[in-house]
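Let's take a look at how a protein chain packs against itself. We'll go through a pair of helices and then some ring-bearing side chains.

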Amino acid sequence: MVRLPIDAIPDVTNVQVQINTNAPALSPLEVERQITLPVELAMFGLPNLQEVRSLSKFGLSQVTVVFEEGTDIYFARQQVQERLQEAQEEIPEGFGTPVMGPISTGLGEIFQYMIEADLGSGIDATELRTLQDWTVAPQLRGVPGVAEVNSFGGFAKQYQVLVRPEALVQYGITLEQVLDAVAANNVNAGGGYITQGAEQLIVRGVGQVQDLEQIRSIVIASRGGTPVRVADVADVQIGHTIRQGAVTANGEGETVIGIVMMRMGENSRTLVDAVKERFASVAQTLPAGVEMRAFYDRTELVDRTIATVERNLVEGAILVVVVLFLLLGNLRAALIVALSIPLSMMFAFSGMLQAGIAGSLMSLGAIDFGLVVDGSVVMVENSMRHLAERDEEKKGFLRTVLDSCTEVARPILFGVGIIIVVYLPILTLEGVEGKMFRPMALTVVFALAGSLVLSFLLTPVLISIFLRGKVEEKEVWLMRHAKRIYQPALTRTLSHGKRVLAAAGALVVAAVVAIPFLGSEFIPRLDEGALAIQVLRLPSVSLEESVRQSTLMEARLREAFPDEIRDIVSKTGRPEIATDPMGVNISDVFVMLNPEGEWTRAGDKAELEELITEELEHIPGLVASFSQPIELRVNELVAGVRSDLAIKIYGDDLEALSAVANETVAAVSSLEGANGFRAQQLSGLPQLEITVLPDQLARYGINAADVMRTVEAIGGAEATTVLEGQRRFALAVRFPEDVRRNPQTVAGLLVSAPMGERVPLGQLASIEVVQGPSDISHEAGSRLVIIEGNVRGRDMGSFVQDVEETFESGAVTLPPGYRVDFGGQFENLERGTRRLILVVPLSLLLIFLLLFATFNSVRQAALVFTGIPLATVGGVFALLIRGMPFSISAGVGFIALFGIAVLNGVVMVSYINELREQGRPLEEAVREGGMTRLRPVLMTALVASLGFLPMALSSGAGAEVQRPLATVVIGGLVTATLLTLLVLPLLYLLFERSHSGTEPDSAEAEELELATA
């Protein structure tokens, strides 16, 4: 258990490799043409390739290559790396180098912290970012298991040479000369070594610049014997690189944060502990006035979720033990059975460790101890009966125990095996639902297999030790009351067969009719104890304006919800490693919440979302949608979107796509349950487009490359790198702010001609402000626009039906050749539903085949099989009563329910068969069988349903995912038990009357009866 990886939920991220290419000066169209398309084309044809999608933004190309499940991530990265070498040859020089992202997943962001400086310390955002990049991050990156430490916010330090255009003209210096001089005067060299006497001297040439003054002193050219230095034509200063992201916190302005990313497959619980230990030691080395503070810690969610699982398991175990004692009437026997619970769990933990399954809400939370104790219950109960009936003079104690245990060994194998078999089809689930529920199925199978081994090897030993002495099998008070109620009910049922069958049939029909009213969703939302608000602004907004609005929003929310909000951090744009490729018009606002017991304004999370929405409406220009930190990240990585539902419209023309997207948003937003739907901003990004005029270039003999070099210097052309010890900073040559503030000043920039003329840029190129695309997305080689949003207050399935109706009815018209598809959580739901349509019948077929092999009779197998529709009635109505839609979690609950429900029928039918073999008349056998097998039927149902009861009623962290599964099992067992005790004897009577010549095999019936007693 100590070595078992622990996390809140299974990691559902698919096998993918992200390829990021930074091209700070390129527009989205140039990024798409020059970088994204060559990389995409190089990726097609890779082995095990499932999907290629991409996003082209200002200064960034991101291509995501998704592989089939089961592909080794290191093999996948090796294949991608080989193809990247081909792609690099197609990318123009200076346009960036494609780099693979870190080996992490959607659950990889395990620890986030901010670095803050005291107001009087004099330390600015540039120094804080430098500390993060070169002091903090390298040390945290050294913790084993950390894939990367991503920096976000602040200003990345850069040495800048700000050339003055008028000085260039005065001294006759060109921009190219400045760039060449700076690069040529920042070099070191090695001269090997020389021998001096008996010593060897290493020759080291030092020519690198060390500070601003040395850069200023670099000689560019000589005019009349007088050197022209950099200081004569430029101002040299410390600045910062072009920013595409910023972080603000708690309404106090900008800050710097670090995001620790876990390597795929690591143990998040132990890794966070190791990171926090290193984090504390690094904090002590920071300068005075600087402190680090964690604001997101994955272990908080893990601890709350695992606490919920532990509480449910402990309460379930206690209920199972109490029921066993009440029904067996012997405390020692109940404790022997209960001992199989912890020992089976140890077996399950070992299996999980070998299979690489992490302990989580799904893998541990779905274990029902009522199922785990089945084998031991059969063995202990059979031994108690034989010990109570034995003649001490004729048969010894140990021989009695041995014979009792041997007698039920094979039946126990069948009894536990039927439940294991029911869980096996769950292993065929694929995609997100497979990663979510396969760990659960495997863990249950491991636990049941462990209980089987313990039933055979340990339980007989414990019986021989603790059940010595006189053993009495007495009828407990609970069973006496149950029989007093059951006997007249059974009599009335057998006397009014037609009415009972009609009522049972009506219930089944009612359940089938009620299914469409349940609605559907993928899986319930796990409450992470935090909110992630995605704020969308106009594409033309500047980073500075986004920062101002974020700070205002944080201050407003902190003031409005002082007891609800602990921390609020806004991430605007993208971090240093663009794992999250947002534009500067988008902010991810992480709202870390206090425990709900401390809240004063909001009663629950849903109400808090509504109140926050009302507050944000007072800030103009914002569109907000709500999610959660992990949910947001996983949705983006798995489906390429950040919301519950993505409507994808494929086509080639960006303007047509934009028009259809806006039309779709208007139509979808009017539907019930729509929350925060918005279209990907394809246009609206203002661009200063500088297009060379070939005739003018020819007139002055100037190359287009000379013009483009001037254009590069507007943002900053990187000339070389300055080393400060182990730190490295870019040295860029750029024009000052006052000559690049607007199109007019840019048009006045001078370009040098070969004959020495200085030609204004405006004469060599057309300069105009145009509206260009802000994002260009590709999927499967085609452009597309994504409309995304969340669904609140209704199920996903019916909402998507309404969306489909808007397209089919013509409310939204697609141009010829364009198509629409759906992604996000709905895509997972649709795939999972298709798989369940195959898996559920497969489970039912396996159950029927086992029943037929046991009874050797199609008729009696079908008779016991009637327990399944009877169980379905309770499961459907339980969901309906609790207002829960059908989900993949509920579907798995039905699969588990079928195996448990069939056992009740087996108990009843097998014993009636045995009585008939003894010569009892049919009706007498049915009545006596029902009365005698009341106890094992109740025991099977009670221990299974009560084992799930804490899970069904839990309100702790993570209970949302467990509740549908537990609700289905408990509701189904209630009706299955009632109807099995009443309807099944009646059906047996009717079936056997019409086939009176057929008798069941006695030996098989006896074994089966013992297996399920």
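This is a predicted model: local features need pLDDT of at least 70, side-chain atom pairs count only at pLDDT 80 or more; totals for chains, interfaces and linings use all residues.

Start with the helices. Helix 8 covers residues 268-283 and helix 9 covers residues 298-328. Their axes come within 10 Å and cross at roughly 140°. Angles over 145 degrees would count as roughly antiparallel, and 65 to 115 as roughly perpendicular, so helix 8 and helix 9 are oblique to each other. The crossing itself is left-handed.

Which residues make the contact? On the helix 8 side you'll find Ser268, Arg269, Val272 and Lys276, while helix 9 brings in Arg298, Thr299 and Val302. Sorted by class, that contact has three charged, two polar and two nonpolar residues.

Now for the rings. The structure holds nine aromatic pairs. One of them joins Trp134 and Phe729 in an edge-to-face arrangement, with 6.1 Å from centre to centre and 65° between the planes. This pair links distant parts of the chain, since its two residues sit 595 residues apart. Here is how the partners look side by side:

| Residue | Where it sits | Relative accessible area |
|---|---|---|
| Trp134 | helix 3 (residues 125-141) | 32% |
| Phe729 | strand 24 (residues 727-734) | 3% |

Note on methods
Residues are numbered from 1 along each chain as its sequence is written. Side-chain values use heavy atoms; hydrogens and water are left out. Axes are lines fitted to C-alpha atoms, for helices over the stretch in contact, and angles run from 0 to 180 degrees between N-to-C directions. Helices (H or I, at least four residues) and strands (E, at least two) are DSSP runs, numbered from the N terminus. Angles under 35 degrees count as roughly parallel, over 145 as roughly antiparallel, 65 to 115 as roughly perpendicular and the rest as oblique. A crossing is left-handed if the near helix is turned anticlockwise from the far one by less than a right angle, and right-handed if clockwise. Contact means heavy atoms within 4.5 Å. Ala, Val, Leu, Ile, Met, Phe, Trp, Tyr, Cys and Pro count as nonpolar, Asp, Glu, Lys and Arg as charged, and the others, Gly among them, as polar. Rings of Phe, Tyr and Trp (its six-membered ring) pair if their centres lie within 6.5 Å; planes under 30 degrees apart count as stacked, over 60 as edge-to-face and the rest as tilted. Buried means under 20% relative accessible area, exposed over 50%, partly exposed in between (1.4 Å probe, protein chains only).
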